[in-house]
Amino acid sequence: MTHQTVGHAPAGDRDGPLADCPDSALVPPGHEPRCPVDITLAALGGRWTPLVVREFLRRGQATYSELSAALPALSDKVLSDRLAQLTSAGVIERHRTPGWPPRVRYVLTSQGRALEPVVRSMWEWGTARRDALN
């Protein structure tokens, strides 16, 4: 998932906080992102993904059943897709315990823990927005 408008510094501000993401870092859809913001959005892309990450930040690890109970609005397919996406992105790891029935636990990785300031910023912005609307 790429977002073509992300990473552009305002005109005249090529030394600002987004200066390390020049126009040449923006890539057409279907290619690997190179812009740091785009890379983050690729890992967190899709509706509900940040909320799944939030649950891992709260717990550190969880089973599918625990996540399903914590996020009842998610269908089984969406939750399964998000877990596969986050595993592929290196945000969580899947640990299977042998035996019957098989037990699977998902564990937040160090890369996943590094997303805490991102999710915290989303929380703070959302709180301020909610308070401004009320």
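These legends describe several close-up views of one predicted protein model. Local features are given only where pLDDT is at least 70 and side-chain atom pairs only at pLDDT 80 or more, while totals for chains, interfaces and linings use all residues. Residues are numbered from 1 along each chain as its sequence is written, and side-chain values use heavy atoms, with hydrogens and water left out.

**View 1. Confidence along the chain.**
The score used here is pLDDT, the predictor's confidence in each residue, from 0 to 100. Its mean over the protein chain is 84, and 78% of the residues reach 70 or more. Residues 1-12 have a pLDDT below 50, and this stretch makes 30 contacts in the model beyond near neighbours in sequence. A contact means heavy atoms within 4.5 Å.

**View 2. The open sheet.**
Helices (H or I, at least four residues) and strands (E, at least two) are DSSP runs, numbered from the N terminus. Two strands count as paired if DSSP finds at least two bridges between them. Here 3 strands form an open sheet in the order S1-S3-S2, with antiparallel pairing. Strand S1 (61-63) and strand S2 (92-97) stand at the edges with a single partner strand each, so one side of each has no neighbour in the sheet. On average, neighbouring strands are turned by 25 degrees against each other, direction ignored. That angle is taken between axes, which are lines fitted to C-alpha atoms (for helices, over the stretch in contact); angles run from 0 to 180 degrees between N-to-C directions. S2 and strand S3 (residues 103-108) run antiparallel and are joined by 6 bridges. Thr 97 has Arg 103, in S3, as its bridge partner.

**View 3. Helix H1 and its surroundings.**
Burial is judged by relative accessible area: buried is under 20%, exposed is over 50%, and partly exposed lies in between (1.4 Å probe, protein chains only). In helix H1 (residues 36-44), Asp 38, Ala 43 and Leu 44 are buried. The buried residues of H1 pack against helix H2 (49-59), helix H4 (76-88) and helix H6 (116-133). Just after H1, Gly 46 has a positive phi of about 100 degrees.

**View 4. Thr 49 in helix H2.**
Thr 49 belongs to helix H2 and counts as buried, at 0% relative accessibility. Apart from neighbours within four places in sequence, Thr 49 is in contact with Ala 43, Leu 44, Arg 82, Gln 85 and Leu 86.

**View 5. The largest nonpolar core.**
A nonpolar core is a set of buried Ala, Val, Leu, Ile, Met, Phe, Trp, Tyr and Cys residues joined through side-chain atoms within 4.5 Å. The largest one has 18 residues, and those with the most contacts inside it are Val 52, Val 53, Phe 56, Leu 83, Val 91 and Ile 92. At least two residues of this core come from each of H2, H4 and S3. Ile 92 touches Phe 56, Leu 83, Leu 86, Thr 87, Tyr 106, Val 107, Leu 108 and Thr 109, leaving out residues up to four places away in sequence.

A salt bridge is a side-chain nitrogen of Lys or Arg within 4 Å of a carboxyl oxygen of Asp or Glu. By this rule the count comes to 7 salt bridges. Arg 120 is partly exposed at 46%, as is Glu 116 at 37%. Salt bridges that share partners join Arg 54, Glu 55, Arg 58 and Arg 59 into one network. Within it, the side chains of Arg 59 and Glu 55 meet at 3.1 Å, N to O. Both residues lie in helix H2, 4 residues apart; Glu 55 is buried at 1%, whereas Arg 59 is partly exposed at 39%.

**View 6. Met 122 and Pro 50.**
Met 122 lies in helix H6 and is partly exposed, with a relative accessible area of 42%. Met 122 and Pro 50 are 72 residues apart in sequence, and their C-alpha atoms are 9.1 Å apart in space.
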